[in-house]
Each structure stands twice: as C-alpha cells, then as structure tokens.
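Have a look at the picture, then read on.

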Amino acid sequence: MDVAGKVAIVGIGHTVQGELPGRSVEENAVDAIEAALADAGLVRDDLDGLIACKSAQGLGNDVAVGELLGANLPYVQCLDYGTCNFSLHLAVMAILSGMAETIVMSYGANARTGKVDFGAPLGGVDLATASGLVHIAGPAALALQRHKHLYGTTDEQFGWIAVGQREWAERNPNAIFRKPLSMTEYLATPYLVEPLRRPDVTMISDGGVAVVVTTAERARDLPRRPVYVSGIAEQSGVRGAHDPDNLLRPWLRDAARSIWARTGLDTSDIDVLYIQDPTAVWSLQMLEYYGFCGLGEAGPFLAEGHTRPGGRLPLNTHGGQLSESYAWGWMHMVEAVRQLRGEAGERQVGDAEVAMYCSSQAFSKAAASILATDPAVAA
Amino acid sequence: MTAPLLPDVADPVAGPFWAAAREGRIAVQRCLTCGLLRYPPLVGCPDCLGRTYEWQDLRPTGSIWSFAVYHRALHAAFAGQTPYTVAVVELDDGPRITGRIARDERPVAVGDRVRASFEVVTDEVTLIQWHLEAV
C-alpha cells in the first residue's frame, strides 16, 4: 500500500527538556500529550489511539501512560524502542488499516535526574563488556576508527558534525547546549572514547515528547498546517555480531534503497535532514548510506560545510542529541514539523517543504520517514 | 571499589568458551550442518538454522580490525584502568573477537598483528587479551 499523502502530523508537544527532578516518565509523557493535543486543536476525547514508547529503562509503556491519560482508547500499543520514526510507522499503519483515526504517540524520559547508568551492559556480560567495551560510545568509536582507516577521515572533518549542530543550537532557545563551540575548541577537547570526544556523544536529559497523527482528510479541518507523511521504510540488522561488519551497519543502505524507491524522491528533494544521533557516528554513516555523499566521502562532505547553517543540506537544525536534548530522537521529528510549518524562528530554513528523518536502534534496526507540506510530493 | 564485570561462566551456551579460555584456548562453535564458525556463542546457526555444533579451537593469532581507547571509565568497574584499549581482532581463522589490548603495549593501529594471552581474573574467569607481535 502506498502511504504517500494519506496521513498527516497535526500536533507536536513537549515538556521542557533538561532536568525535571521527581517527575516520572509517565508524567513527562502525558504533559507532552496534553501539549500536542493543544497544538493540534484537539482534546483527549478526539483520540482513538495511543502509541507509547518505552524509555531506555523500560518505563512509560502504553498501560502506564494510558492509565495516567485516563482514556480507554480503542487502539493502544507500545514500542520497546522509539526514535519516533518507528512509532510514526506504526501509527500510519494503524490509521491506514482503519484501526484508529487519530493517534497520539508518546515518549518520556527521566534518565538525567534518575541518574541512569548508561555504561551498564544491556544483556549478559560477554568478553567484550568484561574487557571494558561499555556504553554506546564504545562500539561507535570502533566504527569511527574503522572509517578513518578505510577512508582517511580526519578528526576535523568528523568534528564538523558536532560543531555544526552547535551552530544550529545557538539559534534554538530549547537547546540545552548553546555555548558556541569552535573547531579549535572541539579539537582541544580531550577524547572520551578515542576517536570520540565528549561533544560527539549524546547528552542525557529528562523530558517528554508527543506527536498527534491523523488522516489527511481530518487534518485539513485542523488549525495547523498539516505535515504529510510521504514515505516510510525500515530495515533490520538483527543478525547483529553474526554479520562481521555489523559495526558499520551496512543494512542502512537497504533502508535507504526502500525509502527512495517507495517515494520516487532522491537526495536533491530533501530540504532539511534529521539524523538521530546518540553519537555523531550515526550522522557520518547515514549521510553516506542514504546517498547524500558517496561511501567514505562524508568527511570531505562535512568539511565543505553543507550541513551547517547556510549550507545546502541543513542537518539537525535544532542541535540534535549532541546539543539540543536527549529525547531519543523524538525532538528530531518535532523540529522537522516546525521547519515544514515555518515555525523555526531564527533557525528557519527558507522554503523548507520536504524533510527526511533517519534513525536507528543502535546496531539492530533502521527507520526512515519523509515528511512534506505537499501531500502529492511523492504520489 | 566496584566489583569487576564478570561473565556467567555456567551459561549453557557460552560456558564452553569460558572453559576453553581457562585452559588457554580460543574455542568457537562450528555448525555441524553448514560448517560456519560462529562467535559470539549462539544456540543455533544463524546461517542454516542447524542446532548441532561442536567447539573448535582456533589459532590465537590475528590482526586488529578496529580499536577504541577509553580515556574515561564509563562503567565503575573500569575506574582506575584508564586509558585502556579495546580491539576487534580478526582471527587468522576468520571470526572476529573483541577484547582488551594488554596494558603494557604500545599504541596500536588497524592491521597490527596480535597474539592472545589469557588473563586470569578469578578462579572461574579468564579473559582473552591481546599482545602486539614484534614487527
């Protein structure tokens, strides 16, 4: 089934991103839901679906968020992992199948004030973790080191991801890290897990985010300019370490192939690009695999400044997880909607009509969505 | 002092890997249906879905596929050990195994030749670690 132009994002909402001590994941999610409903010009009783997404600690599931939201909606589901892309895809499928018409997707986190240990091994302890390969920065650093070896990528080229996103964040009042970061300062920052520095790795913050999605037909009667879903694609790499090159996540290429084939669009159609970024390595890999530059060419491409303010491929215009907030990639979609509505203030990209959001579940799954102001852009 | 991160050496699937390490060997599963050497340990073969396997010793030599240097301990168990280097080693027999570069080694590079040694941590746990071969 072709999804293009049939479903639209009509509401976005979020709490303050930062430190929200004493507040539960569910409170943060429901506060964001209320904000998203208000943005959409809707009330709780207009909803017939909730798609919750667990936090990294497994909190904020559909039953817990649903209880606090206090509504026995017909369609209530939960994802074990988010980035917002996977939730959007489930919402699109539920709406197009007739299971629901108007769905709110939610996410909440309290990982910062909850002092979650992101270095704790997620599964059992194997030789790698017992040897000290802990935290997402470890495998990301291994992937970057291999990229440097294969393609000659330099620290400075790679640093333009973090430095460029900070330039965007300076223009974003919601961003947590807004202090200017020059390339000289970046290069003077000590390594965290070499070759990664602290600015290359996500911050951790508290907060909730929600997005309201409905049919294109209903969207036309709502106050905000609808942002249509032009195409969606996913690709897994769940064989994991049994594919020897899995740290390089070659299956991202297959997600790219799907999204371009399904929409009939290509990289030149994308006005603003969002890449979920627990580390800047994700952006390096996805710029290449989605075809914005050639394989191995992301270093020189970044150094040419295309992704920075004023460049032809604005990337993570809110600052991403490196400079704006943690929020597991959910704020990327919020920002894409803001840009397409023309509500991005000082960082607004002129005439932004088509946005793309690429994300992944670490070394296991990829998802991509294309959003547009015109429902027929990919039809 | 936080306790070290230790594997469950009694794990029904991975146990023989740890038993081999205790005896100074690197052993991985070999699928009896298709012959695939697989690591990390898994109950079945991801290529052919065969459920029968045997443990096969591999040569303790290989080359560095990639590496990362921890300048900060991102888990309390490694406090006081920084800087330390973790490397993905492509064994001469095929599989890639991730482990620690021995502490006294010089800085490493992708492609460097390495040889395993066996670091006794507790009575039950021995970790495979890597030494650079003389150039």
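Which residue is the bridge partner of A:Glu194 in β4(B)? That partner is B:Val69. Before going further, keep in mind that this is a predicted model.

**Where the chains meet**

Strand β5 of chain A, residues 191–194, is joined to β4(B) by two bridges, and the two strands run antiparallel. Besides the A:Glu194 pairing with B:Val69, A:Val193 has B:Tyr70 as its bridge partner in β4(B).

The contact as a whole draws on 31 residues of chain A and 30 residues of chain B. On the chain B side, four strands each put in at least two residues: β4 (61–70), β5 (84–91), β6 (96–101) and β8 (126–132). The top contributor on that side is β4(B), with six residues. Sorted by class, the side of chain B that touches chain A has 19 nonpolar residues, six polar ones and five charged ones.

**More about β4(B)**

This strand has partners inside its own chain too. With β5(B), β4(B) pairs in the antiparallel sense over eight bridges, and here B:Ile64 stands opposite B:Val89. With strand β7 of chain B (residues 113–120), β4(B) also pairs in the antiparallel sense, over three bridges. In that pairing, B:Gly62 has B:Val114 as its bridge partner. As for cover, β4(B) is mostly tucked away, with eight of its ten residues buried.

Here are the strand pairings described in this report, side by side:

| Strands | Sense | Bridges |
|---|---|---|
| β5(A) and β4(B) | antiparallel | two bridges |
| β4(B) and β5(B) | antiparallel | eight bridges |
| β4(B) and β7(B) | antiparallel | three bridges |
| β1(A) and β7(A) | antiparallel | seven bridges |

**Chain B as a whole**

Chain B has one helix and eight strands, and along the sequence they follow the pattern α-β-β-β-β-β-β-β-β. How does its radius of gyration compare with the globule rule? The value is 16 Å, close to the 14 Å that the rule gives for 135 residues, so chain B is as compact as a globular protein of that length. Along the principal axes, the C-alpha atoms of chain B fill a box of roughly 45 × 35 × 25 Å. Of the 135 residues in chain B, 34% are buried. And if you take contacts in chain B between residues at least 6 apart in sequence, 52% of them join residues at least 24 apart.

Chain B also splits into two domains: domain 1 covers 9–58 and domain 2 covers 59–135. Their C-alpha centres lie 21 Å apart. Where these two domains touch, the contact takes ten residues from domain 1 of chain B and 14 residues from domain 2 of chain B. On the domain 1 side, α1 (15–22) and β1 (26–31) of chain B each supply at least two residues, and α1(B) gives the most, with three residues. By class, that side of domain 1 has eight nonpolar residues, one polar and one charged.

**Over in chain A**

What is the order of the strands in the open sheet of chain A? Nine strands line up as β3-β2-β4-β7-β1-β8-β11-β10-β9, with mixed pairing. The edges are taken by β3 (75–79) and β9 (272–275) of chain A; each has a single partner strand, so one side of each is left without a neighbour in the sheet. From one strand to the next, the twist averages 25 degrees.

Within this chain, β1 (residues 7–14) and β7 (residues 207–215) run antiparallel and are joined by seven bridges. Look there for A:Gly11, which stands opposite A:Val212 in β7(A).

Just after α10(A), A:Gly291 takes a positive phi of about 90 degrees.

Technical notes: Residues numbered from 1 in each chain as written. Chains lettered and ligands numbered in written order. Predicted model: local features only at pLDDT ≥ 70, side-chain atom pairs only at ≥ 80, totals over all residues. Contact = placed C-beta atoms within 7 Å. Nonpolar A, V, L, I, M, F, W, Y, C, P; charged D, E, K, R; others polar. Pairing = 2+ DSSP bridges. Axes fitted to C-alpha atoms, helices over the stretch in contact; angles between N-to-C directions. Rg over C-alpha atoms; globule rule 2.2 N^0.38 Å. Buried ≥ 20, exposed ≤ 12 C-beta atoms within 10 Å, placed from the backbone. Domains from an automatic or database assignment.
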